[in-house]
Amino acid sequence: MNSSARSRFAGKTVLITGGASGIGAQTARDFAAEGAAVVLFDTQGDAVDRVADEIRGAGGKAVSYTVDVTSVAEIEANVDTAFAAVGEVDLLVQCAGILRDALLKDVTEAQWETVMGVNAKGILFTAQAVVRRWLAAAAAAPEPTAAAYPDRRIVTVSSLAADGQAGQTCYAASKAAIVAMTKSWAKELGRYNIRSHVVMPALIETPMVRELLEKDGAKWRKAFEELMPFGFGKPSYISDAIRFLCSDEFYFANGEVLRVNGGKLTSA
Ligand SMILES: NC(=O)c1ccc[n+]([C@@H]2O[C@H](COP(=O)([O-])OP(=O)(O)OC[C@H]3O[C@@H](n4cnc5c(N)ncnc54)[C@H](O)[C@@H]3O)[C@@H](O)[C@H]2O)c1
């Protein structure tokens, strides 16, 4: 581990879904570099194990689990195993997500169910599994004020597509659902010192969007370039925002929606 790395999250454990790739993998590396122990969930077992290996190789703490967040039973079993392995999870960061583009006239029932299954249902039940454990701990040791409970955070990754995006009916709906759910959790759980925030990224160059960008002779890459004043985003820009929302520097807030918009101020 780089000796100049900060230790903002020393003593904290963060559970990150979608930790095998893109934004989730970068966020895992960055939390670990700042002292957190990381627990990674992803369907891509080999890839998520490699990210954990890499973090341990750099002197950090990481464990990885092959988990499909569309299965409530799998979430439950693996959250159980993870809590038993690491003792306590303080922060939950939900990056797992999928993109299936289709114009309204072409959307299929299967696309709707697949996208909502990962991006909405998966987010809900992963949060539920972790929050149940936090609430059980709170019930076992009741405190008179919210601030007296341990500082817990949930950060979900939505998208600017939640504002509506041509060709992304299912994805946009799932990402708007994430915003609505996260704001609901903020209202429900704030009294236990559990704060819930959302990040809405603009286009970030990751495996999720690379295929789309290169399609039709990179037509879409050129089109998006014109909409992105600060260029395409890097996963580290979103990791920075997520870690800020989890940090002491962002203590006095709950239910915030942070738009990391790359300077893109239109919804086109
Ligand atoms: N890349 C972008 O431009 C962009 C923009 C806005 C929002 N986002 C959101 O950021 C998040 C991360 O995306 P990314 O760009 O890093 O993509 P990515 O494809 O690199 O990473 C997504 C990860 O989620 C995992 N995953 C998918 N389905 C899963 C499931 N059922 N259970 C567990 N894990 C599962 C994948 O295996 C993958 O490792 C997603 O929620 C995405 O919607 C991305």
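**View 1. The shell around the ligand in this predicted model is made up of nonpolar, polar and charged residues.** The residues of this shell divide into 16 nonpolar, 12 polar and 2 charged, where Ala, Val, Leu, Ile, Met, Phe, Trp, Tyr, Cys and Pro count as nonpolar, Asp, Glu, Lys and Arg as charged, and the others, Gly among them, as polar. Of the 30 residues around the ligand, Gly18, Gly22, Gly97, Thr206 and Met208 come nearest; a residue is near a molecule if its C-beta atom, placed from the backbone, lies within 6 Å of it. At least two residues of the shell are supplied by each of helix H1, strand S2 (37-42), helix H4 (109-140) and helix H6 (207-227), helices being DSSP runs of H or I with at least four residues and strands DSSP runs of E with at least two, numbered from the N terminus. Residues are numbered from 1 along each chain as its sequence is written. Because the model is predicted, local features need pLDDT of at least 70 and side-chain atom pairs count only at pLDDT 80 or more, whereas totals for chains, interfaces and linings use all residues.

**View 2. Helix H1 (residues 22-33) is mostly covered.** From its first C-alpha to its last, H1 reaches 17 Å with its 12 residues, close to the 16 Å expected at 1.5 Å a residue, the expected span being 1.5 Å times one less than the number of residues. In H1, 11 of the 12 residues are buried, among them Gly22, Ile23 and Phe31; buried means that 20 or more other C-beta atoms, placed from the backbone, lie within 10 Å of a residue's own. After H1 comes glycine 35, whose phi is positive, near 100°.

**View 3. Seven strands form an open sheet with parallel pairing.** The order of the strands is S3-S2-S1-S4-S5-S6-S7, and two strands pair if DSSP finds at least two bridges between them. Strand S3 (61-66) and S7 are the edge strands, each pairing on one side only.

**View 4. Strand S6 (residues 194-201) is largely enclosed by the rest of the structure, because 8 of its 8 residues are buried.** In a regular strand the side chains alternate between the two faces of the sheet. Ile194, Ser196, Val198 and Met200 point one way from S6, while Arg195, His197, Val199 and Pro201 point the other way. Strand S5 (residues 152-157) pairs with S6 in the parallel sense over 6 bridges, and 4 bridges join S6 to strand S7 (residues 257-260), also in parallel.
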